[in-house]
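Have the coordinates open while you read.

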Amino acid sequence: MEKKKVRILYWIVLVITAIVYFAVLELSKNTLLGWCISIALFVAYIVLEIKVIKGKKWYYRLLAWLGFFALLGSAMAVSQPPYKTVPAVDVKNPAVTEAITVKQGDLTGVYTEDKEVEVYAGIPYAKPPVGDLRWKEPQAPEKWNGVRACDHFAPMSMQKRDSELMQSLTQIVGYNNYKISLKDNYKEAVSEDSLYLNIWKPAGEVKGAPVLFFIHGGSLTSGQPSFSEYRGEDLAKKGIIVVNFAYRLNVFGYMANKELAKESKNATTGNYGLLDQIAALKWVNENIDAFGGDASKITIAGESAGASSVGALCVTPLAKGLFRYAIAESSGITAKTPYHTFRKFEDALKSSSKTMQEYGAKRVDDLRKVPAEELVNTTANNSAMTVDGYAITEQPYLTYEKGNNNEQALLNGYNSHEANVFNLFNEVNKSDYEKSLEQLFGDIAPEVEKSFPYNSVKLDYDFVVEKGGDAKGTYNYILGGTWFAYSHKTWSDYVAKQNKPVYFYYFNKDNKSLRANHGGEMPYAYGNLWRHANRYDKADRELSDKMQNYWVNFVKSGNPNGDNLPKWEQYTQNQKQIIQFDSEIKMIDDPYEALYSYLDKAQNE
């Protein structure tokens with residue numbers, strides 16, 4: 001009887017081992033080869049157990065287990081997912097478009113499954129910034145012969161990447177939208193050669209269409225234009241052309257160095273990623289007519305660091321006349337001392353020096369010889385824009401005070417739970433909260449604490465990995481207002497004072513995926529809820545349709561309002577309410593109004 005129990009326990013352990021192993025195999029995106037070998041190994045082991053090992057001494061079973069696990073490890077190793085580029089459309093053997101001629105040559109794209117949208121992916125807008133061109137201003141792209149097939153997204157810009165297993169777990173825990181599939185058993189390619197753009201246009205003949213030029217986020221450290229949540233096919237179905245692109249990130253895009261400034265004919269350094277964005281915008285101005293777009297009707301848009309980049313394009317003299325309207329979601333750089341993706345030039349130089357020392361480089365050319373795959377691992381923070389005197393000539397708020405900013409109208413806003421995901425792994429109690437307030441507000445921290453006691457805001461969003469703490473809810477609220485909401489408040493005030501149209505929003509729609517966390521509004525505004533349909537309901541789809549129409553109307557006219565849409569009141573010096581995007585769309589008082597006065601004081605200290 002005792003032996004029978006041991007036997008049952010043994011088979012239970014084997015079943016659990018199989019479940020865990022195949023789960024890891026799936027989450028790690030291992031290829032079909034790994035599945036076939038592993039299944040064969042489990043079958044072979046079961047046969048071995050029944051026919052050979054049963055009744056043998058314990059050490060036979062131990063040796064069999066060790067050999068079995070060694071073979072399973074080998075199967076996982078030989079079936080690691082390969083690096084591939086992402087298809088432009090989720091269609092097997094998609095139909096190919098007619099050839100289009102741009103300044104560099106002829107190219108074709110592919111149709112979406114319903115044939116309503118043409119997608120052109122992986123179009124070069126600059127030379128690869130490799131070798132001697134690392135940390136140089138982007139150079140004009142080279143011409144090509146023949147017809148270029150633009151049916152795959154180019155590799156994402158060089159960046160640190162978590163393992164496929166960790167990325168899958170993030171999809172499960174953070175996004176709640178993981179899908180089991182053998183179609184995605186590959187790693188998305190990463191390269192220093194990444195300066196390519198992508199275009200979504202309505203199918204067929206198009207003329208004079210407005211253009212949405214989107215800049216992805218990722219703290220200027222990570223991110224890729226292939227990300228499904230802001231692809232442009234649904235907006236293209238509403239009559240506009242959508243463009244997005246990759247730009248240099250982290251140490252490759254934002255390292256500042258005096259030697260590099262001397263090399264540059266424009267004496268610039270530290271904003272290479274921003275210069276890439278300007279180069280992509282110029283390419284669109286020069287070529288979008290070939291796709292049916294109107295270069296005089298370009299709206300720039302971005303989320304998170306992409307929104308900060310929109311702010312930079314609004315203040316750089318290099319982008320004047322290249323666009324007309326701006327959309328910014330969840331970040332900006334209009335505070336006197338910006339909180340996000342912006343730093344002093346002196347701080348940028350210190351980070352550069354740290355990187356040079358880290359790799360034993362005496363000159364920049366020494367650093368250029370370091371392989372990109374190694375250099376991306378620098379421990380120095382090289383991921384923020386700076387005043388370089390060329391791309392950005394002064395602190396951005398000064399440009400707004402002088403009225404020299406480039407946008408003619410602004411649509412911008414933030415989400416209700418912006419900071420939550422950034423603090424998941426930090427426990428915040430009363431003492432932690434008090435220290436954080438001192439760092440954020442300096443001498444006026446006691447005033448802020450009196451108005452916002454440590455336990456005054458409940459932590460209403462929770463995750464499996466949430467560390468919590470009795471002050472976590474209030475801390476997230478304060479940080480969300482400081483890092484994100486405040487930049488939109490100051491930005492809106494500056495533009496409204498110039499008597500230009502401003503439309504200010506607050507996204508608060510809960511759901512089963514991104515919720516109203518940082519980035520949660522994107523699949524709504526860009527029409528990609530259908531990619532994870534089981535995570536959204538009818539109310540979500542109705543809100544998404546309205547948000548898409550607001551965005552498209554703004555791109556077309558600088559005014560988001562239109563038929564069958566709740567009235568979005570313009571934000572002015574006298575009308576300070578903002579629109580709330582939730583199950584009900586309505587104008588509300590800004591939830592952070594009470595915090596802004598303290599932030600103004602802290603900024604002016």
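Is K576 buried, partly exposed or exposed? K576 counts as partly exposed because its relative accessibility is 31%, where buried means under 20% relative accessible area, exposed over 50% and partly exposed in between (1.4 Å probe, protein chains only).

A word on the source: this is a predicted model, where local features need pLDDT of at least 70, side-chain atom pairs count only at pLDDT 80 or more, and totals for chains, interfaces and linings use all residues. Residues are numbered from 1 along each chain as its sequence is written, and side-chain values use heavy atoms, with hydrogens and water left out.

Now the salt bridges, meaning a side-chain nitrogen of Lys or Arg within 4 Å of a carboxyl oxygen of Asp or Glu. The count comes to 21, including these:

| Pair | Closest N and O atoms |
|---|---|
| K576 and D493 | 3.0 Å |
| K509 and D540 | 2.9 Å |
| R515 and D510 | 2.8 Å |

D493 is partly exposed at 24% relative accessibility, whereas K509 and D540 are both buried.

Strands here are DSSP E runs of at least two residues, numbered from the N terminus, and helices are H or I runs of at least four; two strands pair if DSSP finds at least two bridges between them. β2 and β3 (residues 105–108) pair in the antiparallel sense over three bridges, and I100 has L107 as its bridge partner in β3.
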